[in-house]
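Welcome! Here is a short tour of a structure that may be new to you. Have a look at the sequence and the 3D view first, and then read on.

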Amino acid sequence: MDRKSMNITLNGEKKQIPNGLTVLGLLEFLNIQHQRVAVERNLDIVKKDRYGTTMIQEGDVLEVVSFMSGG
Amino acid sequence: MNDKLVISGIEFNSRLWVGTGKYKDFAQTKQAIEVSGTDVVTVAVRRVNIIDKTKENLLDYIDPKKYKILPNTAGCYTAKDAIRTAMLAAEAGITKLVKLEVIGDEKTLFPDNEATLEAAKVLLKEGLIVLPYTSDDPIMAKKLVELGCPAVMPLAAPIGSGLGIRNPYNIKIILETVKVPVIVDAGVGTASDVALAMELGCDAVLLNTAIAGAKDPIAMAEAMKYGVLAGRLAYKSGRIPKKLYATASSPIEGMIGS
């Protein structure tokens, strides 16, 4: 495995991302507007004010959700 | 006349609440919602599309500053999933409101009452404003209110069925049983269904498919607006009692040849 990257599960899909990303860094890497999303890491909600300090670890299971059409 | 609906200190300008699902596109969603006159729209909580980031976002069309966003837990079949979804919705940072749905069965989409109570208990403790989707059961409504739900949302008929209010008597009993706003949620088909709900004394109606699935959703959105207004006004006006026999509308006095 490339040492500069790590494997995570993101919204149910296996994904390789650069090492050393915070949650904020990941959202920026994915080009996702972080104002309107919520993030769950290994079943725990990541508070918005922790996005910049929460490091993504190898093997993390992340869910990034937002509001979509629905009734 | 101040006739505003207030739930947990939040003022609602409209008694028609509209879902954002099943429209042709975001432009049609926006137009239907504007025409309906609503200020409350429901949304689902779903995974962000990681692959296709060019996809537009619903909230680019529905401005959260203009509309109250009501996230739902639609599609959740367990209390655990509903709690997880509702907590994520709250963390998105737009609202503390949640329309709690815990579905019990795929075919009917009837709520799992037991799981709904369980999830409501946890979410209320977490400080969310829980508006629960429930069967049209007065006992269930009472239990949800006892837990602290500031409103209840009994179904009129199965979600998306368009059958209208199947049991107006139960809705009436719910209205007499609980002191909180009662919002009919799901199953209405057309404007008269909405009017009937309001005439019964319900505080609001939430619908989606009845507008989105109509041949002309924009025109139906307008019809629903008037349905709610007409029904509410009729309720407040105090209708005449039903009688078996006629009562003449014209005076008997002054008839020719008398």
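A salt bridge here is a side-chain nitrogen of Lys or Arg within 4 Å of a carboxyl oxygen of Asp or Glu. By that rule, four salt bridges cross the interface of chain A and chain B. Please keep in mind that this is a predicted model. The points below begin with the interface and then turn to each chain.

**Where the two chains meet**

- Chain A brings 27 residues to the contact, and chain B brings 31 residues.
- About 2,600 Å² is buried between chain A and chain B, and carbon and sulfur atoms give 61% of that area.
- On the side of chain A, the residues that lose the most area to chain B are A:R36, A:F67 and A:G71, which together account for 30% of what that side buries.

**Polar and charged links**

- One salt bridge to look for joins B:R47 to A:E63, with the closest N and O atoms 2.7 Å apart.
- The interface of chain A and chain B also holds 14 residue pairs in polar contact, counted with both residues at pLDDT 80 or more.
- Three elements of chain A give two or more residues to the side that touches chain B: β3 (38–41), β4 (44–46) and β5 (61–69).
- Among these elements, β5(A) gives the most, with seven residues.
- Sorted by class, the side of chain A that touches chain B has 13 nonpolar, eight polar and six charged residues.

**Strands that pair between the chains**

- β5(A) pairs with strand β4 (residues 40–47) of chain B in the antiparallel sense, over five bridges.
- Within that pairing, A:V65 has B:R47 in β4(B) as its bridge partner.

**The fold of chain A**

- Chain A has one helix and five strands, and along the sequence they follow the pattern β-β-α-β-β-β.
- The radius of gyration of chain A is 12 Å, close to the 11 Å that the globule rule gives for 71 residues, so chain A is as compact as a globular protein of that length.
- Taken along the principal axes, the C-alpha atoms of chain A fill a box of roughly 45 × 25 × 20 Å.

**A sheet in chain B**

- In chain B, three strands form an open sheet with parallel pairing, in the order β6-β7-β8.
- β6 (97–100) and β8 (153–154) of chain B stand at the edges with a single partner strand each, so one side of each has no neighbour in the sheet.
- β6(B) pairs with strand β7 (residues 129–134) of chain B in the parallel sense over four bridges, and B:L100 has B:P132 in β7(B) as its bridge partner.

Methods. Residues numbered from 1 in each chain as written. Chains lettered and ligands numbered in written order. Predicted model: local features only at pLDDT ≥ 70, side-chain atom pairs only at ≥ 80, totals over all residues. Heavy atoms only, no water. Contact = heavy atoms within 4.5 Å. Buried area = accessible area lost by both parts, 1.4 Å probe. Polar contact = N/O pair within 3.5 Å; in protein donor to acceptor, adjacent residues only side chain to side chain. Nonpolar A, V, L, I, M, F, W, Y, C, P; charged D, E, K, R; others polar. Pairing = 2+ DSSP bridges. Rg over C-alpha atoms; globule rule 2.2 N^0.38 Å.
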